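Please open the structure in your viewer and keep the selection panel handy. We will go from one selection to the next, with a word on what is there each time.

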Amino acid sequence: MSDEPTNFLYPFIDAEESDPPSLLADLAASAQAKAAESLALRRSTLQANAELLELAGAETARRFAAGGRMFTFGNGGSCTDATTLASLFARPPTGGSLPAWSLTADQAIMTALGNDVGFELVFARQLIARAKAGDVAIAISTSGNSPNLLTALAEAHQRGLYTIGFAGYDGGAFVDNPNVNAGFIVHSQSVHRIQESQALLGYQLWLTVHKRLDNHGVGAA
């Protein structure tokens with residue numbers, strides 16, 4: 001089974017291990033190593049982005065206080081992360097809700113736009129219809145190179161939205177992009193670790209926004 005695609009993740013499973021205790025020990029060690037790697041990356045990512053989180057949180061809070069709204073979007077696993085982030089702002093576990101929507105949540109709109117105008121425009125067209133100057137747009141990607149995200153960010157920037165990008169690896173086209181006001185890069189080659197750290201960045205952004213609103217006496221709806 002040397003050609004199994006799971007070999008690089010769990011080589012000891014495909015080694016036909018005949019000793020169950022040894023196999024369980026290998027599984028436990030693997031899980032512990034991945035957890036330690038994830039923790040270290042999340043800590044270093046938060047530390048590296050601490051100043052940017054404060055800046056982005058302050059600007060996002062300012063826009064919410066002025067009546068702005070948030071729109072999130074992404075593809076694949078990043079689609080679910082974008083929806084989770086929007087839900088965190090709109091239906092938080094504590095504190096008031098803020099107007100936030102995931103542009104991937106409506107299947108009818110997504111499939112209609114994908115079919116009628118092309119997948120590259122599924123997010124940009126929604127921003128054209130719904131967004132206004134003063135809103136916030138958040139694009140989530142592991143590569144930072146998705147054409148539909150880059151098109152949406154360009155549209156958002158042109159319309160006066162504050163644009164935030166989450167990317168992994170080396171940041172891709174999100175880096176030094178004039179259409180990205182705040183770019184958070186998770187420096188890892190693992191999609192799993194990237195998305196774990198991005199989720200924490202999103203949570204920290206939410207905390208920062210609420211802290212800023214509370215400090216200025218602005219209550220969420």
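Predicted model: local features only at pLDDT ≥ 70, side-chain atom pairs only at ≥ 80, totals over all residues.

Stop 1: Select the five strands and colour them one by one: they make an open sheet in the order S2-S1-S3-S4-S5, with parallel pairing. At the edges you will find S2 (100-102) and S5, each of which pairs on one side only. From one strand to the next, the twist averages 15 degrees. Now zoom in on S1 (residues 70-74), which pairs with S2 in the parallel sense over three bridges. Pick Met70 and look across to S2, where its bridge partner is Ala100.

Stop 2: Show H7 (191-215). H7 lies across S3, S4 and S5, and runs at about 150 degrees to S4. Within helix H7, select Leu201. Is Leu201 buried or exposed? Leu201 is buried, because its relative accessible area is 0%. Beyond its neighbours within four places in sequence, Leu201 is in contact with residues including Thr45, Leu46, Asn49 and Val186. Draw a C-alpha to C-alpha distance from Leu201 to Asn49: it spans 8.5 Å, although the two are 152 residues apart in sequence.

**Stop 3: the cores.** Next, select Phe89, Ile138, Ile164, Phe184, Leu205 and Val209, which touch the most other members of the 28-residue largest nonpolar core. Helix H2 (50-65), helix H3 (77-90), S3, S4, S5 and H7 each supply at least two residues of this core. Which of them gives the most? That is H7, with six residues. Centre the view on Phe184: not counting residues up to four places away in sequence, its contacts include Asn49, Leu52, Leu53, Ala56 and Leu201.

Stop 4: Finally, select H6 (residues 147-158), whose 12 residues reach 17 Å from the first C-alpha to the last, close to the 16 Å expected at 1.5 Å a residue. Show the side chains of its buried residues: Asn148, Leu149, Ala152, Leu153, Glu155 and Ala156. Turn the view to look down the axis of H6: the buried residues fall within an arc of 165 degrees, so they line one face of the helix. Among the elements covering them are S1, helix H5 (124-130), S3 and S4. After H6, click on Gly160, whose phi is positive, near 90 degrees.

Methods. Residues numbered from 1 in each chain as written. Heavy atoms only, no water. Core = buried A, V, L, I, M, F, W, Y, C linked by side-chain atoms within 4.5 Å. Buried < 20%, exposed > 50% of the residue type's maximum accessible area, 1.4 Å probe, protein only. Helix = DSSP H or I, 4+ residues; strand = E, 2+ residues; numbered from the N terminus. Contact = heavy atoms within 4.5 Å. Pairing = 2+ DSSP bridges. Axes fitted to C-alpha atoms, helices over the stretch in contact; angles between N-to-C directions. Expected span 1.5 Å × (residues − 1). Arc of directions from axis to C-beta.
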